[in-house]
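Please look at the sequence and the structure together before reading on.

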Amino acid sequence: MEGKMLRGRTYEEVCRNFKWQIPKYYNIGVDVCDKWANDKNRVALIYANPHGQDREYTFRELKKISNRLANALKAHGIGREDRVGILLSQRPETLISHISVYKLGAIAVQLLTLFGPDAIEYRLQDSAAKALITDKENLSKIWEIKEHLPALKLMIAIDTDKEEGVMDFWQSVKKGSPDFRPVKTKPDDPALIIYTSGTTGQPKGTLHGHRILLGILPGFEFYHNLFPQEDDLMWTPLDWAYIGGSYDALFPTLHHGVPMLAYRPRKFDAEEAFFMMAKHGVRNLMAVPTVLRMMMHAVKHPRDRYDMRLRSITAGGETLGEELCDWSREHLGVEINEQYGQTECDLVVGYCSEIMTIVPGAIGKTVPGHVVEIIDEDGKIAKHDDIGEIAVKGPDPVMFLEYWRNPGATLEKYTGAWLRTGDYGRKDKNGNLWFSGRQDDIIESGGFRIGPGEVEDCLMKHAAVALVGVIGVPDPIRGEIVKAFILPKEGVRPDEALEESIRDHVKTKLEAHAYPREVVFLEKMPQTNTGKILKNELRRMHEKGLNL
């Protein structure tokens, strides 16, 4: 057994019935694909491509295709614990690549197609990725940085037009054998690296073992009201390169042998999202509050226009707000189950409206199987309603193995057995957790976690920038937006053209969603005697609408 499905009629009963069951050997690729392949008609993926055409993939098809790709990768020297970058959007080749890498015992490095060359270069360089799987559209970014990636020996791309130095994805698949014996991996063997946004400096690579999926399952089943139920069908508008899209939606769904809808347009369209959910009979939705707010504002009475069949909605990463929860309850007929976690230790707090009453404003109760408390600076559990740091007790299957090649940062993440989240809150006498703020300066904007340190590093490379401080400021739709305070270099005169140039610099070099939507030029940057930028002073300036 790989883990128990949640069962019970009350929260207390579900917690009481739960027990971790982690096998001696476990491989994500086998779990989400091969174990279901004996049923030749069982559908795993429904792909709605950008041209409006639908294509179903069965588990049996995915097993054969992923075996072929695994053989192709193996033939080109990719083996156990080699890092393989996957720079693809929400499409079948993304899933096939992941399954193949896991079967090989290699390590997948998830990369957003929104990343610019600088962001991609850092992640591939830091992980020393030996191979990269991408598409024609993103190859231009790779060629721009290829000389700085000495470890990258193999590039595979979709629709390459026989580009020199690049293997075509589907041609490689055709040449590989459909028979492949997956590497026998243990739950603690490394499986993937997801880079987190840091507040200072560059992102850290969060290394997870194959057990991450087993650790996430209780939370996934909890948030989706005791998933799976009859006729369940999952969709998320989140990119699969995020942990929210892949491990909070895609892989847990396939673990249960339930089909997943793959559909993600270049630009989110609320009307089209409602249409696609109605067309395919989506029952389970994983989103972020920004997306749900966009849907709420675009279509006030969706059930009057669309045949909606939603059974569960879960969202996290931002404050939901009473208006959004009321709208979902009234116009979708579904309570939004809030979720809480982080890349290092995901899906550990939240609600399951099937078995418990949601308390407005709280982020939820501890998910069955985990131990989550509020602790003080010494690692002692705080009293009810006392503010402290949200912490998760280990060992726990969902916890990361380490920060990639960064033992110092890994050590700092823990106090004894407690993994410190860096988030502050309190726990009331009924076990509900309440979020009060972040220890760091991570910016939560439209479901994206943006590290101000990375944005600052990017902006410091702009020819006109002498100093920069980046903060998150409140926004009614996105939750927060990026605001940059910039001290121009001597002789540079700020104007609208420079402001636009600064925005474009971040859009093209780092990430499209991380650009500063507000830019303020300063004559003097608030700093300490040692030169550290005073972020609190920048926040005070924003609140009062002041410039220096």
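How many of the 10 residues of helix H11 (residues 289-298) are buried? This is a predicted model, in which local features need pLDDT of at least 70 and side-chain atom pairs count only at pLDDT 80 or more, while totals for chains, interfaces and linings use all residues. Residues are numbered from 1 along each chain as its sequence is written, and side-chain values use heavy atoms, with hydrogens and water left out.

Seven of the 10 residues of H11 are buried, and the helix is thus mostly covered; buried stands for under 20% relative accessible area, exposed for over 50%, and partly exposed for what lies in between, with a 1.4 Å probe and protein chains only. Helices (H or I, at least four residues) and strands (E, at least two) are DSSP runs, numbered from the N terminus. The buried residues of H11 are Pro-289, Thr-290, Val-291, Leu-292, Arg-293, Met-295 and Met-296. They pack against helix H10 (270-280) and helix H13 (322-331), and also against strands S12 (284-287), S13 (312-316), S14 (336-342) and S26 (479-488), where contact means heavy atoms within 4.5 Å.

The sheet comes next. Eight strands form an open, mixed sheet in the order S7-S6-S5-S3-S4-S8-S9-S19, two strands being paired if DSSP finds at least two bridges between them. Its edges are strand S7 (167-168) and strand S19 (402-403), each of which pairs on one side only. Within the sheet, strand S5 (residues 131-135) runs parallel to strand S6 (residues 154-158), and five bridges join them; Thr-134 stands opposite Ala-157 in S6. Helix H5 (residues 117-127) packs on this sheet, where it touches strand S3 (83-87), strand S4 (107-111), S5 and strand S8 (190-196), and its direction makes about 145° with that of S8. That angle is taken between N-to-C directions on a scale from 0 to 180 degrees, with axes fitted as lines to C-alpha atoms, for helices over the stretch in contact.

Most residues other than glycine have a negative phi, and most peptide bonds are trans. In the loop between H5 and S5 lies Ala-128, which has a positive phi of about 55° although it is not a glycine, and which counts as partly exposed at 22% relative accessibility. Asp-159, in the loop between S6 and S7, also has a positive phi, near 55°. The peptide bond from Phe-227 to Pro-228 is cis, with omega near 0°, and Pro-228 sits in the loop between helix H8 (212-223) and strand S10 (234-235).

Is Asp-82, in a further loop, buried or exposed? Asp-82, which lies between helix H3 (59-75) and S3, is buried, with a relative accessible area of 17%. Its side chain reaches the backbone nitrogen of Gly-79 at 2.8 Å. Leaving aside neighbours within four places in sequence, Asp-82 is in contact with Gly-77, Ala-106, Ile-107 and Lys-130.

Finally, in strand S17 (residues 372-375), Val-372 and Ile-374 point one way and Glu-373 and Ile-375 the other way, and all are buried. S17 pairs with S18 in the antiparallel sense over four bridges, and Ile-375 stands opposite Glu-389 in S18. In the loop between strand S18 (388-393) and S19 lies Pro-395, and the peptide bond from Gly-394 to Pro-395 is cis, with omega near 0°.

Note on methods:
A polar contact is a pair of N or O atoms within 3.5 Å; within protein, one must be able to donate a hydrogen and the other to accept it, and residues adjacent in sequence count only if both atoms are side-chain atoms.
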